[in-house]
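Dear colleague,

I am passing on the structure below, together with some notes on its strands and their packing. Please look through it alongside the text that follows.

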Amino acid sequence: MAKNKNVNYKGPYGYQKLKEREPRASIRFKCALTNTIIDVLRQRPGWVEVKDEGEWDFYWCDVRWLQENFDHTYMDEHVRISHFRNHYELTRKNYIVKNLKRFRKQLERDSGKLEAMKCDFFPKTFEMPSEYHLFVEEFRKNPGITWIMKPVARSQGRGIFLFRKLKDVIDWRKDGVRVDDQKDEIPVENYVAQRYIENPYLVGGRKFDLRVYVLVMSYIPLKAWLYRDGFARFSNTRFTLSSIDDHYVHLTNVAVQKTAPDYDPEKGCKWMIQQFRLYLTAKHGAEAVENLFAEMDNIFIKSLQSVQKVIISDKHCFELYGYDILIDQNLKPWLLEVNASPSLTASSQEDYELKTRLLEDTLNIVDMEGRLTGKEKRVGGFDLIWNDGPVSREDGNLDTPMNGFVANTHLGYNNDRKKQLRQLFKSFQTQQKA
């Protein structure tokens, strides 16, 4: 159970530990959200919802609750919550840059430049206003290129703007905060200035990014699962660099796109990642796409390793991250950001079904019921990609890399991998004949 620490209740670190509990007939849960996750929790056999101040075993909390209550809550061994204490080391835009830069330097020191180059998946970024003078120096080296400003602690495209003139940043600096919006949680709002990817890969002339889900159960040791499903989020307007003020061109967030005058809620602006992988394979061949997705795997692992030593790896915590990946015309993936609270609100029936499966599989891995052996490499749509080291795939005969090791990753594949490989090959042959 979990309950507030107080003078009448003592446990470890000065608090008296509870007696061992009997096997739980039911699992008491709380949930701070009112979207897909609450539906999944309420439908889970043997799980009972707790209201208000009742004792609970599982809490899908929001980050605000975490900040205000984590240090004042005693938790039994079995209790789980849905965020790590200082998750922001990975998910705040300025902190992830700091941690990736530090990790890259460490890799170069320990393993050489070649290994350090595996961290070159993040566009050149400066924290503002603290690195303003460094930014100006870089800006003047490359006149005319496009930059993008992002507030470090906001989501859904709020507060973002593109610019090519230093005057825009000077105006922002004077104002303290540029554009719309209410005053946010942080009193003085920091931004990052990031080099804008001017050559994104386009489908039908439209920009997109990929939303990929990674579940971390522990940082010490690092244990991470990659979900097979995900989606590409498309802009509603054809891409052009001649109109950098048009958010419908440059921002793929659904929260932005659904406000477009010609947005069609029935059609939406998403592709399932399986469709996207099939499309890319038909256009570029299986080998190029395998290399692209392997580079994405590298992004997931290296970004998690960059914060492994700074995130508090509490055994009660897990986290489902939403990675946003952009692909350029050279089929190079770029990490845009990592979300600690990826949207679980469905924009269509297909989206609802995907997120329902995702959350059910997440709960199966969290395993409040104690059903898993701990040796699983796959649970539902999740594949274990790192378990204090790389995890090999069991069906290694499907690929034959030089070193014989095949990573346990199936992103963008259907559950029947062999069948989809045949579909990929067939679609590629059709494309070649066309």
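Please bear in mind that this is a predicted model. I begin with strand β12: five bridges join β12 to strand β17 (residues 382-387), and the two run antiparallel. Within this pairing, A224 has W386 of β17 as its bridge partner.

Strand β12 is also joined to strand β11 (residues 208-219), by 10 bridges and again in the antiparallel sense, and these two strands form a hairpin with two residues between them; across the pair, W225 of β12 stands opposite L215. Three further bridges connect β12 with strand β13 (residues 270-272), which runs antiparallel to it, and there F231 is partnered with M272 of β13. As for burial, 12 of the 13 residues of β12 (residues 222-234) are buried, so this strand is largely enclosed by the rest of the structure.

Elsewhere there is an open sheet of four strands, paired in parallel and ordered β3-β2-β4-β6, in which β3 (47-49) and β6 (80-81) are the edge strands, each pairing on one side only. Strand β2 (residues 27-31) pairs with β3 over three parallel bridges, and I27 has W47 in β3 as its bridge partner. Helix α1 (residues 36-43) packs on this sheet, where it touches β2, β3 and β4 (58-60), and its direction makes about 165° with that of β2. Helix α12 (residues 349-366) likewise packs on the sheet, touching β3, β4 and β6, with its direction at about 145° to that of β4.

With best regards

Methods
Residues numbered from 1 in each chain as written. Predicted model: local features only at pLDDT ≥ 70, side-chain atom pairs only at ≥ 80, totals over all residues. Heavy atoms only, no water. Buried < 20%, exposed > 50% of the residue type's maximum accessible area, 1.4 Å probe, protein only. Pairing = 2+ DSSP bridges. Contact = heavy atoms within 4.5 Å. Axes fitted to C-alpha atoms, helices over the stretch in contact; angles between N-to-C directions.
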